[in-house]
Amino acid sequence: MPELVFFRRGEEVLRVGVGRERMVLGRGEKSDVVLPDPEVSRQQVALVFDGQRCTMEDLSGKGTQVAGASMKKGELADGADITLGQWRAVFRLHGSGQSDAATEVGDRTELQPRDSASRWHPAQVRIRQGGNETVQKLTGDSFTVGKDPSCDLVIQDSFISSRHLKVTRRDGHFHVLDTNSTNGTWMGPVRIFEVQVGLPTTLRLGQTDLVLEPVTPARRELSFHGIIGADPSVKQLVDLIERVAPSSAAVAILGESGTGKELVARALHECSQRADKPFIPVNCAAISKELIESELFGHEKGSFTGATNARKGAFEEADGGTLFLDEIGELPVDLQAKLLRALENGEIKRVGASKPSNVDVRVVAATNRDLLAASRDGRFREDLYYRLCVVPLHLPPLRNRRSDILGLAEHFLRMYSPRGQTVRLSPAAMERLQQHGWPGNIRELRNVVHRALLLRKGDAIDAPDITFDQEVNRETGVSVPELPPGMTLEQMLLKLERQIVEAALRRCNNNRERVARELGVARSTLFKRLKEWGLTRQEEETE
């Protein structure tokens, strides 16, 4: 009986009997003999034996190498050598007669290399952009990366090319090929064009880091699009995200500062049918009142001083995708009506434009304020509140999910540890983290872990290496917050001033006289600030 003898790296792997039925060799699952190799087509060749001759037909359209020459169709001679990616198949018209008989081809015969356990170990790519991080599991033999929607991994980064690179699995490694990108692909300080890497490996593309890494059972259980946690409140949140994401309903993410609202917004986008479209974040608190309308809706050329060109706003940039409005409670009241109109019928109007235009955008808003209370006080439109809060998602503070503190800390350790080093937390350090109140939530935990990595004296982080923001500035007794991206110092100071005044109002049960005395400011100065922020009552306005 004729047979095919398969070799890999010069070692015989398998012998397959060639019967009278048509037999297909390829990478796809529908092939009779499956060769798990990205260089092999899903259906590479077909063999037909009529009892005397064996005919080979190329199905890939590219030709198949037989005895070193490309063949489209023809008869296989006894001993013919067929090249199939990293495999060799030798056709023997008469079986070898060895005791190890050739394998009969059933519904599907799959060839796996002897080191398949390492080669096909579950892998994933971790995408880091600034403080945001998402994870995508790798399921195929290869994937492409770029801004173009046709790429397997679409990344919105202005410094990444439309089709930036291709990554292919090979023999327990990953083959990385930069596809003539403009700004290049980097490993540390070195620009790479084509390289074979193992796991884990960090690649830098523009302002984005891609980490190729193995999947561990713990990570599969704890991570959902970058959301890490096993606490019941987190599991409930993930369940809501999965149920809500496929719709186009507006979602309001409510929670304290530092709880990961943008991460949840990105998870909603990535789980939706808009995942291949843009995700555009806008921080309403980081943009001045004079520019916020232009940022959201765009402007025409000459519509105001400095408008030298027409410009798209965030709504137009997010057309077909998701617009994330962070700190929505800071949006000026006069713009809330325009936002409501955009939500109701998808109609927007650029500054200086004579006609409106329509966009298809899903809006996800976030705030750490009580919008319902603000709407009752007249500081936020009630109709806009109900339009935004179709589906409210409440993010628990870190102090209410203490079982996740160590898991998050270890995640940040992996994120910030020097490459090639494994840094661990000592039991005393773990206890210190567990005892802290975490007023700054996950953002504070990230900063604490990052600082401890820099301050540690050995291979492990011990309790003395961990310092909290309240302890860093003991001389003044003031906790210094981190300046958010895109926010100026003046904007941050104004925001802090408002937060301090609002905290004093809550502490003093809205007694303005007492607040003025406690803060050491004139009563008229306090009332002026409250009026600017829209926090005065009607009788105070009259006064």
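Buried denotes a relative accessible area under 20%, exposed over 50% and partly exposed in between, with a 1.4 Å probe and protein chains only. The views below show a predicted model, in which local features need pLDDT of at least 70 and side-chain atom pairs count only at pLDDT 80 or more, while totals for chains, interfaces and linings use all residues. Residues are numbered from 1 along each chain as its sequence is written, and side-chain values use heavy atoms, with hydrogens and water left out.

**Figure 1. Overview of the protein.** Of the 543 residues, 45% count as buried. The protein contains 17 helices and 34 strands, which are DSSP runs numbered from the N terminus (helices: H or I, at least four residues; strands: E, at least two). Among contacts (heavy atoms within 4.5 Å) between residues at least 6 apart in sequence, 57% join residues at least 24 apart. The accessible surface, from the Shrake-Rupley method with a 1.4 Å probe, comes to about 27,900 Å², and carbon and sulfur atoms hold 48% of this area.

Figure 2. The largest nonpolar core and Phe315. A nonpolar core is a set of buried Ala, Val, Leu, Ile, Met, Phe, Trp, Tyr and Cys residues joined through side-chain atoms within 4.5 Å. The largest one has 32 residues, of which Phe315, Leu323, Leu325 and Ile328 touch the most other members. Helix α7 (residues 333-345) supplies the largest share of this core, 5 residues. Helix α10. Helix α10 (residues 405-416) has 12 residues and should span 16 Å at 1.5 Å a residue; its end C-alpha atoms are 17 Å apart, which agrees. The expected span is 1.5 Å times one less than the number of residues. Its buried residues are Ile405, Leu408, Ala409, His411, Phe412, Leu413 and Met415.

**Figure 3. An open sheet with mixed pairing.** Five strands, 5 in the order β16-β15-β17-β18-β21, form this sheet. Two strands pair if DSSP finds at least two bridges between them. β16 (153-154) and β21 (194-197) stand at the edges, each with a single partner strand, so one side of each lacks a neighbour in the sheet. Strands β15 (residues 142-146) and β17 (residues 165-170) pair in the antiparallel sense over 4 bridges, and Ser142 stands opposite Thr168 in β17.

**Figure 4. Two buried cysteines.** Cys151 has a relative accessible area of 6% and is buried; Cys389, at 14%, is also buried. A search of the whole structure for disulfides (cysteine sulfur atoms within 2.5 Å) finds 0.
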